[in-house]
Amino acid sequence: MAEKLVIIGSGPASWTAAIYAARACLDPLVYEGGITEENRLRGTLPLGQLNLTTEIENFPGFPDGIQGPELMIRMREQAAKYGARIVTEDIVAADLSRRPFLLKDSAGETVETHSLIVATGASANYLGLESESRYKNYGVSACAVCDGALPRFRNQPLVVVGGGDSASEEGNYLTKYASNVYLVHRRDTMTRASPIMAKRLLENPKVKPVWDSTVEEVLGETISTPFGDNIPTMTGVRVKNLKTGETSTLHAAGMFVAIGHTPNTQFLKGQLETDSKGFIVLKDPFRTTTSVEGVFAAGDVADPIYKQAITAAGMGCKAALDAERWLAAQGTH
Ligand SMILES: Cc1cc2nc3c(=O)[nH]c(=O)nc-3n(C[C@H](O)[C@H](O)[C@H](O)COP(=O)(O)OP(=O)(O)OC[C@H]3O[C@@H](n4cnc5c(N)ncnc54)[C@H](O)[C@@H]3O)c2cc1C
């Protein structure tokens with residue numbers, strides 16, 4: 001028999017949708033992703049992006065902050081407590097042209113479902129340097145709003161890499177905290193950013209553009225604490241000027257990589273309408289409806305703008321309510 005609702009994903013959007021759907025007696029089935037080397041390398045292991053980070057200071061309800069993995073484990077537990085069933089596999093293929101929809105998972109099993117919530121998130125793009133991975137969460141970040149206010153970055157020089165709207169936004173945001181912001185960009189203009197945002201960034205006296213350059217290596221050291229821990233700490237970046245070939249060192253406490261996100265929609269093979277960057281297009285921006293009736297989208301996979309845990313959770317709530325109403329209108333619930 002077909003499921004009423006399948007939810008794909010395991011970030012704040014997915015677990016919030018699961019909590020609401022389970023409490024609404026939809027008996028949701030959640031595919032949280034598989035524990036595989038491929039997912040580890042892509043940053044898409046179960047529990048989503050917050051499982052890749054440390055302290056979360058901006059999720060309401062935790063005045064002293066909470067570790068990202070702990071927050072996600074709690075959300076998952078809450079969904080399971082209300083009866084959500086969880087499968088630790090990826091959905092690798094979907095047929096949305098038939099009803100009920102047909103899904104196939106990474107174990108080769110198939111499942112039919114009357115409605116579907118896609119909450120598969122997005123992966124921040126990184127430069128792909130080995131040294132960058134070493135200092136991730138120890139200076140290297142892909143989210144200024146998430147990490148910019150952390151004590152380690154206050155009144156310190158910081159590096160932003162990129163030249164589009166993300167770089168403008170991240171750079172402008174970081175000028176609030178940094179002593180100065182180096183903008184490292186491979187060209188000598190920000191042609192891909194909206195002119196007003198780029199102008200605001202470049203006119204800020206704290207911003208020092210480093211044009212025609214790329215980051216070759218993230219530099220750092222390991223500091224031993226009195227408790228015997230060895231903590232990697234970023235101290236700067238080595239940049240290369242692409243025109244002259246010269247390399248130089250920028251001393252900085254942090255590097256914010258602002259070269260966009262890749263939404264996790266590959267398994268859909270174009271069956272849902274997306275924008276040019278692959279984000280699922282919502283038919284009504286206030287709802288979670290997509291180009292296929294009965295399929296709803298929530299979280300970063302459908303959000304090129306805000307990309308925060310709390311906004312993803314809010315969208316997850318909306319998606320569950322939208323799915324419930326749609327199923328009721330179909331007479332399936
Ligand atoms: C390092 C870092 C720090 C951050 N810090 C903060 C912060 O302090 N505060 C804040 O508000 N936000 C923060 N964010 C942003 C926040 O993590 C995201 O906005 C949020 O996690 C998005 O939630 P989501 O539910 O859309 O999906 P995600 O968290 O992206 O999770 C989606 C998950 O779905 C699963 N999945 C993907 N494809 C499939 C598939 N085909 N089948 C089955 N499962 C699949 C994977 O497990 C994937 O990880 C941070 C992000 C990063 C990377």
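Why does the ligand lie between domain 1 and domain 2? Both domain 1 (3–123 + 261–330) and domain 2 (126–257) give residues to the shell around the ligand, so it lies between them. Before we walk through the picture, a word on the model.

This is a predicted model, in which local features need pLDDT of at least 70 and side-chain atom pairs count only at pLDDT 80 or more, while totals for chains, interfaces and linings use all residues. Residues are numbered from 1 along each chain as its sequence is written.

**Domains and ligand**

The protein chain is assigned two parts, domain 1 (3–123 + 261–330) and domain 2 (126–257), with bounds that come from an automatic or database domain assignment. Their C-alpha centres lie 31 Å apart.

The ligand is surrounded by 40 residues, and the closest are Gly11, Gly48, Gly121, Cys146 and Gly299. A residue is near a molecule or strand here if its C-beta atom, placed from the backbone, lies within 6 Å of it. The elements that give two or more residues to this shell are helix H1 (12–23), strand E9 (122–124) and helix H8 (309–330). Helices (H or I, at least four residues) and strands (E, at least two) are DSSP runs, numbered from the N terminus.

**Strands**

Let us follow strand E8 (residues 110–118) and its partners. Two strands pair if DSSP finds at least two bridges between them. Strand E1 (residues 3–8) runs parallel to E8 and is joined to it by five bridges; Glu3 of the chain stands opposite Thr113 in E8. Strand E7 (residues 101–105) pairs with E8 in the antiparallel sense over four bridges, and Leu102 has Glu112 in E8 as its bridge partner. The hairpin of E7 and E8 has four residues between the strands, and in it Gly108 takes a positive phi near 90 degrees. Strand E19 (residues 295–297) is parallel to E8, with three bridges between them, and Ala297 in E19 stands opposite Val118.

Elsewhere, three strands form an open antiparallel sheet in the order E14-E15-E16. Strand E14 (213–224) and strand E16 (247–251) are its edge strands, each pairing on one side only. Neighbouring strands of this sheet are turned by 30 degrees against each other on average, direction ignored. Strand E15 (residues 230–241) and E16 are joined by five bridges, and Gly236 has His251 in E16 as its bridge partner.

**Helix pairs**

| Helix pair | Angle | Axis distance |
|---|---|---|
| H1 and H3 (residues 68–81) | about 20 degrees | 8 Å |
| H6 (residues 165–174) and H7 (residues 195–203) | about 40 degrees | 9 Å |

Axes are lines fitted to C-alpha atoms, for helices over the stretch in contact, and angles run from 0 to 180 degrees between N-to-C directions. The angle in the H1 and H3 pair makes H1 roughly parallel to H3, whereas H6 and H7 are oblique to each other. Angles under 35 degrees count as roughly parallel, over 145 as roughly antiparallel, 65 to 115 as roughly perpendicular and the rest as oblique. H1 and H3 cross in a left-handed way, and H6 passes H7 in a left-handed crossing. A crossing is left-handed if the near helix is turned anticlockwise from the far one by less than a right angle, and right-handed if clockwise.
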